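We will go stop by stop, with something to select at each one.

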Amino acid sequence: MQSISFDQAVSYYDRTRGLPPEIGDQIAASAASVLPAGAMVFEVGIGTGRISIPLMHCGLRVKGADLSILMMKRLVEKLPSGSPQPGLIQADATRLPLRAASFDAVFAVHVFHLIAGWQQAAAGVHRVLRPGGSLFLGHSMRHTDSPLTKIRKQWMQLVEEVATTRQRPGVRETDDLDAYLQALGAQVSAWDAAQWEANTSLEATIQDLEAGVYSSTWLLPAETRQSCAARLRAWAREQYGDLEQPIKIPMRFTWRQVRWKG
């Protein structure tokens, strides 16, 4: 399998993956607080800048790469007129055209599960970090008891009954990535950078799954998504009743800071 480009998600990415502005700033400040002032940083999978734009607000010097030119074009469009722009390159994470030991930190948020050859990408990140530099792995998540978490789990079960093409090309579990990095001599520490509540409805989530909004659904035929969504709605109505009712979902964002010895 090839690494996944987000060209097809440009029109809705910020709606479905975006962070509230104050939360984005809080997440960036949490990472910047453990970096030197004005640090040179690089983001793998920079996308529309939901992480890198707030990092720039913290005074960090930002460069980044993405497979999708369209996503990076959207990033530039979001910047205020006359503001500094990050250095952007189109590149695969497994073949970053960067000099060794050139960055104080590398950021990767929700990206290693999309990278075919993720081990090579991890080794490449190690190569471009300066001695004492850090890899920041970011992850936003819902509480395990959240209705949305249960909806997504039920969706995966339904899909697995009828399809074999759901798996994305990169690392499957966070623990697998951590184990690989530790085998390269890294130490991993983690902390919660922000907590907030997202406003949505269960029906909105089911509609996004049916429409193929999330990358985990992109390999599924439309007919499969539609049939699984119909079964998911029936299940969700039995569990929760009115699917259109607005709900607040507790969210948190966690940084895992990866540092190498020596």
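Start with the aromatic rings: the structure holds 10 aromatic pairs. Here, rings of Phe, Tyr and Trp (its six-membered ring) pair if their centres lie within 6.5 Å; planes under 30 degrees apart count as stacked, over 60 as edge-to-face and the rest as tilted. Before you click on, please note that this is a predicted model, where local features need pLDDT of at least 70 and side-chain atom pairs count only at pLDDT 80 or more, while totals for chains, interfaces and linings use all residues. Residues are numbered from 1 along each chain as its sequence is written, and side-chain values use heavy atoms, with hydrogens and water left out.

**Stop 1: aromatic rings**

Select Phe6 and Tyr13. Their ring centres are 5.9 Å apart and the planes stand at 75°, so this pair is edge-to-face. Phe6 is buried, at a relative accessible area of 10%, and Tyr13 is buried too, at 11%. (Buried means under 20% relative accessible area, exposed over 50%, and partly exposed in between, with a 1.4 Å probe and protein chains only.)

Next, select Phe42 and Phe103. The centres of these two rings are 5.3 Å apart and the planes meet at 55°, so the pair is tilted. Phe42 belongs to strand S1 (residues 40-44) and Phe103 to strand S4, so to speak distant parts of the chain, 61 residues apart, are linked by the pair. Helices (H or I, at least four residues) and strands (E, at least two) are DSSP runs, numbered from the N terminus. Both Phe42 and Phe103 are buried.

Now select Phe107, Phe136, Trp191, Phe253 and Trp255 together: they form one aromatic cluster.

For a ring with a charge above it, pick Arg152 and Tyr214. The charged end of Arg152 sits over the Tyr214 ring, 4.3 Å from the ring centre. The rule asks for NZ of Lys or CZ of Arg within 6 Å of the ring centre and within 35 degrees of the ring normal.

**Stop 2: salt bridges**

A salt bridge is a side-chain nitrogen of Lys or Arg within 4 Å of a carboxyl oxygen of Asp or Glu. By this rule the count comes to 10 salt bridges.

Which residue forms a salt bridge with Asp14, with the closest N and O atoms 3.8 Å apart? Select Arg74 to see the partner. Arg74 lies in helix H4 (residues 69-78) and Asp14 in helix H1 (residues 13-17), so the pair ties together parts that are 60 residues apart in sequence. Arg74 is partly exposed, with a relative accessible area of 30%, and Asp14 is partly exposed at 26%.

Lys78 is partly exposed, at 31% relative accessible area.

Move on to Arg233 and Glu210, whose side chains meet in a salt bridge (2.9 Å, N to O). Arg233 is in helix H9 (residues 222-240) and Glu210 in helix H8 (residues 202-211), 23 residues apart. Is Arg233 buried or exposed? At 15% relative accessibility, Arg233 counts as buried, whereas Glu210, at 25%, counts as partly exposed.

**Stop 3: backbone angles**

Most residues other than glycine have a negative phi. Select Ala101, in the loop between strand S3 (87-90) and strand S4 (103-109): this residue is not a glycine, yet its phi is positive, about 55°. Ala101 is partly exposed, with a relative accessible area of 38%.

Then select His110, in the loop between S4 and helix H5 (118-128). His110 also has a positive phi of about 55° although it is not a glycine, and it is partly exposed at 24%.
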